[in-house]
Amino acid sequence: MKKTISIVILLILCLGVIIACCACDFEKDGIEVTFYSTMGKNLEEVTNRYTKEFNKIYPDIKIKHVVISGDYNVLYDRIGKELEANSGPALAYCYADHVATYNETKKVVALDSFINSKEVVPAGKFGNEKEYSVGFSPEEIADFVPGFYQEGKTAFGDGSTMYTLPFAKSSEVMFYNVDAFNELKLVPPTHWWCDENCPSDCTTSMEYVCQTFKNTEKYKNSIPFGYDADDNFFITMCEQLQTLPENEGKNLYTSATGKKYLFNNDEVKNCILKLNQWYKAGYFITKATNGNAYTSDLFKFEDSNIISQGKQSFMGIGSTGGATYNIPATDKFKVGVAPIPQMNPSKPKVISQGPNLCMLFNKNNMTSDQQLAAWLYMKFLTTNLKLQASFSMASGYTPVIQSVQNDPIYRDEYLNNDKLGATERISAAAVKQCLQQVNSYYVSPAFYGSSTARQQAKILFSGCMEIKLTDEALINEINEKFKTAIAACEFFAKSDV
């Protein structure tokens with residue numbers, strides 16, 4: 001019996017030593033914050049360079065930046081699977097749709113307590129030499145572009161809780177071939193089609209511009225414009241339709257409350273019907289209808305097959321974050337940047353996109369110190385002027401804080417520098433356009449199932465464009481595709497997260 005007691009005591013003492021050793025190692029090694037993103041190499045280098053600056057402030061917070069190969073959907077799928085196993089990163093690149101899904105199992109950390117905190121990080125807590133404020137100052141909050149900052153609340157539920165912070169934003173613009181437009185004496189279109197919302201001569205409509213290119217012998221085989229995101233095309237059309245007087249007060253896409261999937265309506269289907277006629281006439285092409293290849297390739301007009309067939313585009317609607325993909329390698333024509341066309345130019349609507357940051361709760365980020373460390377890095381990424389400026393100049397994304405625009409290097413050497421090369425010039429022009437339309441941005445409601453709605457919007461749009469039927473048969477087929485899309489949304493919404 002005494003021998004047994006002695007063994008138990010010895011085990012307890014050994015366990016105590018092990019725990020003590022672990023605690024010592026933890027203190028010595030600091031706290032690790034894992035951050036998942038999908039950055040390309042140049043943006044990864046920018047972020048990692050400034051992370052070293054963060055580590056000068058907090059030496060004991062170790063940042064593990066993991067770049068996931070693939071797009072946002074690959075990142076979303078990986079994080080979703082890891083959260084199911086109570087694992088994953090502390091911080092992540094995200095879209096609002098994805099955050100809504102993560103939060104279905106309460107895995108997203110609300111940021112309000114950090115933002116509004118009046119506490120300080122004591123000197124020495126994370127190796128820092130002096131104390132620093134935990135929360136945002138009123139000046140820091142005011143420095144954010146309001147629409148970008150408010151998205152962290154307004155995109156979710158009743159808008160009472162902040163779940164994301166903006167990191168780098170983009171929107172959609174129209175890139176156009178200035179030389180071809182000048183040749184045909186055209187101006188960038190501000191409207192979609194000739195109707196009561198278009199000026200009487202209709203020359204500022206996309207419909208008129210496309211007809212002009214197709215009616216010109218030299219360009220009869222062209223596909224006048226391309227749209228690189230079928231889902232954005234569909235969702236933006238829904239949003240723009242809501243600005244017309246006859247649709248005031250209507251919700252034509254989705255809702256975070258009540259009946260969620262609302263896009264099976266006559267207003268949207270009539271729009272799709274009209275676009276189907278455009279597609280058949282060869283006015284436009286989208287990524288999905290282009291064999292899932294970016295339409296910017298048609299705009300740059302460099303592929304030998306495209307050249308031989310004359311299937312050039314003269315306008316391309318795409319992300320400002322991908323502006324440089326619309327520049328021909330040989331600089332064969334001048335590229336201009338303009339706003340996208342509208343249903344109602346007096347009430348313009350254009351999508352707000354680009355990565356936000358969210359904090360996730362899992363076994364790697366569950367203690368108060370771990371979450372505080374993650375918050376401090378999130379705060380640094382979103383408010384550091386030099387980082388925000390460098391990230392923008394390296395990508396074409398728009399800074400989320402307004403003070404960057406007054407930084408002499410960013411303002412004079414990037415935004416307003418007439419001597420920039422073609423790549424930097426178009427990137428800067430896209431950023432400037434993005435900044436000019438900040439009051440026109442919309443964000444779709446984010447809820448569990450909103451990412452499915454976006455996926456179905458993509459399938460629905462391209463599917464409706466490729467219908468070759470006419471008259472009543474066409475209308476019936478469009479109706480069936482809408483019903484199928486709604487049914488798919490409702491089915492997947494009932495599935496487990």
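## An exposed loop residue

E129 counts as exposed because its relative accessibility is 80%, where exposed means over 50% relative accessible area, buried under 20%, and partly exposed in between (1.4 Å probe, protein chains only). You will find E129 in the loop between β4 (120–121) and β5 (132–133); helices here are DSSP runs of H or I with at least four residues, strands are runs of E with at least two, and both are numbered from the N terminus. Y58 is 71 residues from E129 along the chain, and their C-alpha atoms are separated by 8.3 Å.

## About the model

This is a predicted model, in which local features need pLDDT of at least 70 and side-chain atom pairs count only at pLDDT 80 or more, while totals for chains, interfaces and linings use all residues. Residues are numbered from 1 along each chain as its sequence is written, and side-chain values use heavy atoms, with hydrogens and water left out.

## The chain as a whole

Let's step back to the overall picture. The chain has 19 helices and 14 strands, and its C-alpha atoms fill a box of roughly 100 × 55 × 45 Å along the principal axes.

Of the 497 residues, 52% count as buried. Contacts (heavy atoms within 4.5 Å) can also be sorted by sequence separation: among those between residues at least 6 apart, 73% join residues at least 24 apart.

The accessible surface comes to about 22,800 Å², and carbon and sulfur atoms account for 52% of it; the areas come from the Shrake-Rupley method with a 1.4 Å probe.

## Two buried loop residues

T398 sits in the loop between α15 (385–395) and α16 (408–415). With a relative accessible area of 1%, T398 is buried. Beyond its neighbours within four places in sequence, T398 is in contact with F148, A168, K169, S392, V431, C434 and L435.

H191 belongs to another loop, between α8 (178–183) and α9 (206–214). H191 also counts as buried, at 7% relative accessibility. Its side chain makes a polar contact of 2.9 Å with the side chain of T190; such a contact is a pair of N or O atoms within 3.5 Å, where within protein one must be able to donate a hydrogen and the other to accept it, and residues adjacent in sequence count only if both atoms are side-chain atoms.
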